[in-house]
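Let's sit down with a new structure and learn to read it one feature at a time. Have the sequence and the 3D view open as we talk.

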Amino acid sequence: MAEFRVWAPKPARVRLDVDGRVHAMTRSDDGWWHADVEAAPDARYGFLLDDDPTVLPDPRSPRQPDGVHARSQLWDPGAIAGFAWTDGNWPGRSLDGRAVIYELHVGTFTPSGTLDAAVEKLDYLVDLGVDFVELMPVNSFAGTHGWGYDGVLWYSVHEPYGGPDALVRFVDACHARGLAVLIDAVFNHLGPSGNYLPRFGPYLSSASNPWGEGINIADADSDEVRRYIIGCALRWMRDFHADGLRLDAVHALVDTTAIHILEELATETDWLSRQLGRPLSLVAESDLNDPRLITPRDRNGYGLTAQWADDIHHAIHTAVSGERQGYYADFGSLQTLAETLRHGYFHAGTYSSFRRRRHGRPLDTTEGTGIPATRLVAYTCTHDQVGNRALGDRPSQNLNAGQLAVKAALALGSPYTAMLFMGEEWAASTPFLFFSSHPEPELARATAEGRKAEFAEHGWNADDIPDPQDPQTFQRSKLIWDEVDSGEHARLLRVYRDLIALRHHDADMADPWLDHLTVDYDEDERWISVGRGGLRIVCNLGAEPVNVPVAGEVVLAWGEPTVDRQGTVLDGHSFAILRVQ
């Protein structure tokens, strides 16, 4: 006998369909409907609302073998054929310290684009030295391929990736190799295809965001919607053994209640962490520059583990590349880079020309009383910073290898938690484009036309913008693994490995307090020096050789630095890490 439950306060009648047989359901006063029915362990089921003959999937569906428009399927995480968890002794991993995260998109990480195929690359990631694998969204979305941020059934795993069984195998394989797993979770909007939740209950709010209608987390009848979100988050960590979540665009979660949903989620995640006996991490994407997200709850913050730090990305990228368009306008100087490296946020109650208003709030980084640098995630690439460019071009398609190495040294040599985006470490030649596979012709057309119109407003030729619905746009975004061992690709990869190893093992890289960080620079000569204890990371961002007035023993370098009593001569677009004491 199986118990079926669904929260559906909107319809006057709900019936249950199990393998084609229809059963009545009983409603409770709280809007939940119940039925106990004989069902096979892999039964297909769904719900009939009022007099509509269409069988709808379960909002909390554990599996969608035939896509988001079809019936759900029962799935038991403890009864996967031929599989048993082997991670019983997995102690977990903490982001505190010198962690390195590796962000990847399952569909383009390997030629076949599945979780099982990704397992075959885990030994490569271990050799690279990363600590966490961060999966872009794996929840169910319409079509066969896409970024995953248009999910509509948040509890189930996208079937073309291998479904929930494959995710279990992937996480177990990661843990067997000492790799932790973060899953990208999107709770700020629902996708446009297959979103049946509003027919069940008040899942949507009166607010909106750039991706559609907002989620009802503060309006009337929002309590169960909040439980829906938190239950989904905990499920990834409990049933799939994930070590935490990356929370997409939390600034789009409009919550006017006294206890913000992020604080509530952090509280319950900490409770689950204690039950499981291993650390669990919540990493927020936010453009607010608001320290409350990562401030402990006993100091009136939300208590999240960390947040992405776009200001650090912007400061590094613009200083190295020279780009200044759009939200890069306030960045680019070495002064800005130095200030951002010292303080984490550049916009901290200061004027943002892109937003045309003051933005952010200062982050207290004082040892003992402030927030350690590990609470911010630093990177030179993300899926957004590449894929949201008109042509999906990576920095490796516009910068030389030396410039890429300088960016890597600044990010991986920083006290912040570091993150790489798949392929960055070998300067992958492939773009990472925006792609989708909406099955509805009108939605496919609107997506393609909207993409072209968006970038045409910024001066791009609309004819140059790849059609996200063209299967070749997806295929072009797949990594070419044959590049890894060739030429400059292999050389850059060695430097990434060496930087990560130095980050992990050198005692001077362990200090997480920004008030101990020293930064010197010369705007005209285009060099910058970052001090980490007895180490100095000296970088030449210019094209010509320059003498940096820092001397010491060369620990690691790109190029052939010359050191004497006067300082270190660096080739154009190069770096050296020196031990000065």
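This is a predicted model: local features need pLDDT of at least 70, side-chain atom pairs count only at pLDDT 80 or more; totals for chains, interfaces and linings use all residues.

Q: How do I describe two packed helices?
A: You give the angle between their axes and the distance between the axes. Here, helices (H or I, at least four residues) and strands (E, at least two) are DSSP runs numbered from the N terminus. Axes are lines fitted to C-alpha atoms, for helices over the stretch in contact, and angles run from 0 to 180 degrees between N-to-C directions. Take helix H6 (residues 223-238) and helix H7 (residues 261-276): they pack at about 35°, with axes 10 Å apart.

Q: Which residues make the contact of H6 and H7?
A: Contact means heavy atoms within 4.5 Å. On H6, look for Arg226, Arg227, Ile229, Ile230, Ala233, Leu234, Met237 and Arg238; on H7, for Ile261, Glu264, Leu265, Glu268, Thr269, Leu272 and Leu276.

Q: How does the length of helix H8 compare with what it should span?
A: The expected span is 1.5 Å times one less than the number of residues. For the 12 residues of H8 (residues 310-321) that gives 16 Å, and the end C-alpha atoms are 16 Å apart, so the two agree.

Q: Is H8 mostly covered or mostly uncovered?
A: Buried means under 20% relative accessible area, exposed over 50%, and partly exposed in between (1.4 Å probe, protein chains only). H8 is mostly covered, with 10 of its 12 residues buried. Among them are Ile312, His313, His314 and His317. The buried residues of H8 pack against helix H9 (334-343), strand E20 (376-379), helix H10 (383-387) and helix H11 (401-412).

Q: What do the buried residues of H9 pack against?
A: They pack against H8, H11, E22 and strand E23 (527-532). The buried residues of H9 include Leu334, Leu337 and Leu341. H9 is followed by Gly344, whose phi is positive, near 85°.

Q: What is the strand order in the open sheet of five strands?
A: Two strands pair if DSSP finds at least two bridges between them. The order is E22-E23-E24-E29-E26, with antiparallel pairing. Strand E22 (518-522) and strand E26 (553-558) each have a single partner strand, so one side of each has no neighbour in the sheet. From one strand to the next, the twist averages 15°. E26 pairs with strand E29 (residues 574-579) over five bridges, and Ala557 has Ala576 in E29 as its bridge partner.

Q: Which strands pair with E5?
A: Strand E1 (residues 2-7) and strand E5 (residues 32-37) pair antiparallel over six bridges, while two bridges join strand E4 (residues 26-27) to E5. Trp33 in E5 is the bridge partner of Val6 and also of Arg27. The hairpin of E4 and E5 has four residues between the strands, and Gly31 takes a positive phi near 90° there.

Q: Is Val106 buried or exposed?
A: Val106, in helix H1 (residues 106-109), is buried because its relative accessibility is 1%. Not counting residues up to four places away in sequence, Val106 touches Gly113, Thr114, Leu115, Leu135, Val138 and Tyr161.

Methods:
Residues are numbered from 1 along each chain as its sequence is written. Side-chain values use heavy atoms; hydrogens and water are left out.
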